[in-house]
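Reader: I would like to go through this model term by term. Please set each value against its definition.

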Amino acid sequence: MSFSRDDFTVSSEQTLWKGFFEVVDVSLRHRLFDGGWSGDIRRVVARRRQAVGVLIYDPALDALAVAEQFRVGALARNPSPWLMELIAGLMEAGESPEDVAHRESQEEAGVTLRALEKVASYYSSPGGSDEYFHLYCGCADLSAAAGVHGLAEENEDIRLHVLPVNEVLAMMDDGRIDNAHSLVALNWFARHHNRLRDLWR
């Protein structure tokens, strides 16, 4: 049995908080796999704009850009809430995902992408958020990119590392890189590394 948008009903929605994103209290019912209907279900959902991430690769250096920055959702993380991540940002009105990939590469890495390949689009954490994430791999010259980047007006403080591919993949394997978007991108990149190096060199 496959379901459609006709197979659930929302009885109420109430905004609990609205700021950088929106928190909504939702009451609903949905069809069950046995053909019946669920009881009333109440859930809290974080509503966010769509987001875009880009893993930036330099085939001449055989290196990747890794952004180090503070993340409030990782306050309980040991040894610290500073994560090693790919470049990412939220979509603004009128932007395409590709537009955001190019914009964020400039803002957070100081580089211009010369090629871009789609990795995947997916819901980041659909149990409690509606964020939809577009993931890319981009090609750029990273020879002068290392350093501190980001927009002061957005309180961004991003230290960009340019690291050999093998070192970044080792960071994924040993848990130093431990956020979902980066892990998805790096697992994809590991399978496509040789092809991209030949294609973009």
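Reader: What makes the largest nonpolar core a core, and which residues have the most contacts inside it?

Author: This is a predicted model, in which local features need pLDDT of at least 70, side-chain atom pairs count only at pLDDT 80 or more, and totals for chains, interfaces and linings use all residues. Residues are numbered from 1 along each chain as its sequence is written, and side-chain values use heavy atoms, with hydrogens and water left out. A nonpolar core is a set of buried Ala, Val, Leu, Ile, Met, Phe, Trp, Tyr and Cys residues joined through side-chain atoms within 4.5 Å. Buried means under 20% relative accessible area, exposed over 50%, and partly exposed in between (1.4 Å probe, protein chains only). The largest such set has 28 residues, and those with the most contacts inside it are Tyr57, Leu64, Cys137, Leu186 and Phe189.

Reader: Which elements each supply at least two residues of this core?

Author: They are strand 4 (51-58), strand 5 (63-70), strand 7 (87-90), strand 8 (115-123), strand 9 (132-139), helix 2 (165-174) and helix 3 (180-200). Helices (H or I, at least four residues) and strands (E, at least two) are DSSP runs, numbered from the N terminus. Helix 3 gives the largest share of the core, six residues. A second, separate core of 18 residues includes Met91, Leu142, Ile158 and Leu160.

Reader: What does Leu186 touch?

Author: Contact means heavy atoms within 4.5 Å. Not counting residues up to four places away in sequence, Leu186 touches Leu55, Leu64, Val168, Leu169, Met172 and Ile177.

Reader: Why is Ser182 called buried?

Author: Ser182 has 4% relative accessibility, so it counts as buried. Ser182 is found in helix 3. Its contacts, leaving aside neighbours within four places in sequence, are Met84, Glu85, Leu86 and Ile177.

Reader: What lines the largest cavity, and what makes a space a cavity?

Author: On a 1 Å grid over the protein atoms alone, a cavity is a set of points where a 1.4 Å probe fits but cannot get out, and lining residues have an atom within 4 Å of a point. Grid points are joined across faces, edges and corners, and a volume is the space filled by probe spheres set on the points. The structure holds one cavity of 30 Å³ or more, and the largest cavity has a volume of about 50 Å³. Its lining consists of Leu55, Ala65, Val66, Met84, Glu85, Leu86, Val168, Ile177, Ser182 and Leu186. Strand 5, strand 6 and helix 3 each supply at least two of the lining residues.

Reader: Why are strand 1 and strand 3 said to stand at the edges?

Author: Two strands pair if DSSP finds at least two bridges between them. The open sheet of three strands has the order 1-2-3, with antiparallel pairing. Strand 1 (8-18) and strand 3 (41-47) each have a single partner strand, so one side of each is left without a neighbour in the sheet. Nine bridges join strand 1 to strand 2 (residues 22-30), and Val10 stands opposite Leu28 in strand 2.

Reader: Why is Asp62 called partly exposed, and what is its phi?

Author: Asp62 has a relative accessible area of 22%, so it is partly exposed. Its phi is near 50°, a positive value in a residue other than glycine. Most residues other than glycine have a negative phi, and most peptide bonds are trans. Asp62 is found in the loop between strand 4 and strand 5.

Reader: Which peptide bond is cis?

Author: The bond from Asn78 to Pro79 is cis, with omega near 10°. Pro79 lies in the loop between strand 5 and strand 6 (82-85).

Key
1 Å grid on protein atoms, 1.4 Å probe; cavity = no way out; pocket = protein on both sides within 12 Å on 5 of 7 lines; lining within 4 Å.
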